[in-house]
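Reader: I have a model to go through with you. I want to know what stands behind each label.

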Amino acid sequence: MAYITTNPYTNEVVARFADLEDAQLEALVTQAADTFEKWSRTSFAERRAIMKKAASLLRAQADDYAALLTLEMGKLAREAQGEVKLSADILDYYADNAERFLAPVPLKEAETENMRPMIVSDPIGVLLAVEPWNFPYYQLARVAGPQLMAGNTVVVKHSSIVPQCAAAFDKLFQDAGAPAGAYTNLFATRDQLNRLIEDPRIAAVCLTGGERSGGSVASRAGKSLKKTTLELGGADAFIVLDDADLDKTVKWAVWGRLNNGGQCCVASKRFIVADSIADAFIAKFKAALDALVAGDPRDAATTLPPMSSQGAADELNEQVRQAVAHGARPLYCGAEVPKQGAFVRATILTDVARDNPAYFQEFFGPVAMVFRVGSDEEAIALANDSEFGLGGSVFTRDEARGVAVALQVRTGMVFINHPTWTAPELPFGGIKKSGYGRELSGLGIDEFVNKKLINVVNIDAP
């Protein structure tokens, strides 16, 4: 597995990084396991100081960190700045809240004159994180923040197309004063990763990625009786009820579909619109997408960046071709995109029948499917007719109506009048083929700690 920086705007290979030798991997995993024994016994105050320093360094060097995001996966410069800030916010959030989240919990309802039971939260060991390229720092922060503060150590196998981002986050914790082995980036091969999952020094595994990789990792970890959490993408429904404020809704539709170039697990992908307003919605949506400007992601005028790689662009274009071949009607938006670079033209697909393979697919880029429905009940049924269950959104002027619809949408997250998004204090995760487990909020830090019962019993009790 080659770790290569390729600029997706030019398709120029910028840098290559060597895979780890087996001996190097062994030394790093041993170090992480040894460090756990010390790190798990440090105080929250000591961990907090390091985490706060890391957040501070991210903010102070935001331009440098953001530039790597734009270089390696084509993220718009302003969105790259936003990701750096969000990552720093996550580190701060867990620095400020971990001790409260993990404080001993007395079981008052079980207390008697003869016993005082409580639940304590113990770190479990070395956590292996397998992470994708679309949010190269945010994905790392939402693992490192909670798990380092919980007292675990973390080893990371990042995506092979963002090696400089991976190395930069490793250096961040070194610069923040974390002991060697607390947080470790691994330029591991696929075979090394498989062996690592089975390594007894690895206590648990978390993965953000695709369904195939998630199934493989979970299966291998399960054979070793190790806990996993998986976040595997989605095909989020963006439900537009007949009373929605159309102009404001379309503004969020564009953001929900095009944020991060459309390469977001919780991007809005299936637009389910009340038939009475569907023509107007499509016209306004297309007009907004027509105004997109494809170009250099470093340029403030660019609103349609390249995809993360030429391979990703080619795959998405083939998905569109197959969808059209099976009866979908394409509405191509804006001008033709540049021939050089990993660009995909923004496209709206209508008339996607249930027997079209596209109906059940995730389009990871600037392609939107629009469906017409005749009622709220039909909208809910269509939203739930998916193998995925990550996020979703409902747009309406009637908050109670929106909540009533949201309650019936079977996903891990639903937002009213806003596309699904993320914040440190909001739990993030899904159901069905979108995976299981939660990251962020208090739920995220609880995923990889041992909820241990301690019961103080009167020795003279009967």
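Author: Start with Cys-265: its relative accessible area is 8%. The model is a predicted one.

Reader: Why is Cys-265 called buried?

Author: Buried means under 20% relative accessible area. Cys-265 has 8%, so it counts as buried. Cys-264 also counts as buried, at 3% relative accessibility.

Reader: How do you know whether Cys-265 is bonded to Cys-264?

Author: A disulfide needs two cysteine sulfur atoms within 2.5 Å. For Cys-265, the closest cysteine sulfur is that of Cys-264, 6.2 Å away, so the pair is too far apart for a bond. From the side of Cys-264, the closest cysteine sulfur is in Cys-265, again at 6.2 Å.

Reader: How many disulfides does the rule give?

Author: The count is zero.

Reader: What makes strand β14 largely enclosed?

Author: β14 spans residues 367-373, and six of its seven residues are buried, so the rest of the structure largely encloses it. Strand β11 (residues 268-274) runs parallel to β14, joined by five bridges. Ile-272 has Phe-371 in β14 as its bridge partner. Strand β13 (residues 347-350) also runs parallel to β14, through three bridges. There, Ile-348 is partnered by Ala-368 of β14.

Reader: How do you know that β13 and β14 count as paired?

Author: Pairing takes at least two bridges, and these strands have three, so they qualify.

Reader: Which strands stand at the edges of the six-stranded sheet, and why are they called edges?

Author: The order in this open sheet is β7-β6-β5-β8-β9-β19, with mixed pairing. β7 (183-185) and β19 (435-436) each have a single partner strand, so one side of each has no neighbour in the sheet.

Reader: What sense of pairing do β5 and β6 show?

Author: Parallel, over five bridges. Leu-128 stands opposite Val-155 of β6.

Reader: Which helices lie across this sheet?

Author: Among them is α1 (residues 22-39), which lies across β5, β6 and β7 and runs at about 155° to β6. Another is α8 (residues 211-223), across β8, β9 (227-231) and β19, at about 170° to β8.

Reader: Is Ser-159 buried or exposed?

Author: Its relative accessibility is 9%, and the cut-off for buried is under 20%, so Ser-159 is buried. Ser-159 sits in the loop between β6 and α6. Beyond its neighbours within four places in sequence, Ser-159 is in contact with Tyr-3, Glu-131, Pro-132 and Trp-133.

Reader: Now the largest nonpolar core. Which residues touch the most other members?

Author: The core has 63 residues, and those touching the most other members are Leu-91, Tyr-137, Leu-148, Phe-169, Leu-172, Phe-173 and Tyr-183. Elements that supply at least two residues each include α2 (44-60), β5 (126-130) and α6 (163-175). The largest share, 11 residues, comes from α4.

Reader: What does Tyr-137 contact, leaving aside neighbours within four places in sequence?

Author: Its contacts include Tyr-65, Leu-68, Leu-69, Val-84, Cys-165 and Phe-169.

Reader: How many residues make up the second core?

Author: It has 29 residues and is separate, with Ile-272, Val-352, Phe-363 and Val-409 among them.

Technical notes: Residues numbered from 1 in each chain as written. Predicted model: local features only at pLDDT ≥ 70, side-chain atom pairs only at ≥ 80, totals over all residues. Heavy atoms only, no water. Core = buried A, V, L, I, M, F, W, Y, C linked by side-chain atoms within 4.5 Å. Buried < 20%, exposed > 50% of the residue type's maximum accessible area, 1.4 Å probe, protein only. Helix = DSSP H or I, 4+ residues; strand = E, 2+ residues; numbered from the N terminus. Contact = heavy atoms within 4.5 Å. Axes fitted to C-alpha atoms, helices over the stretch in contact; angles between N-to-C directions.
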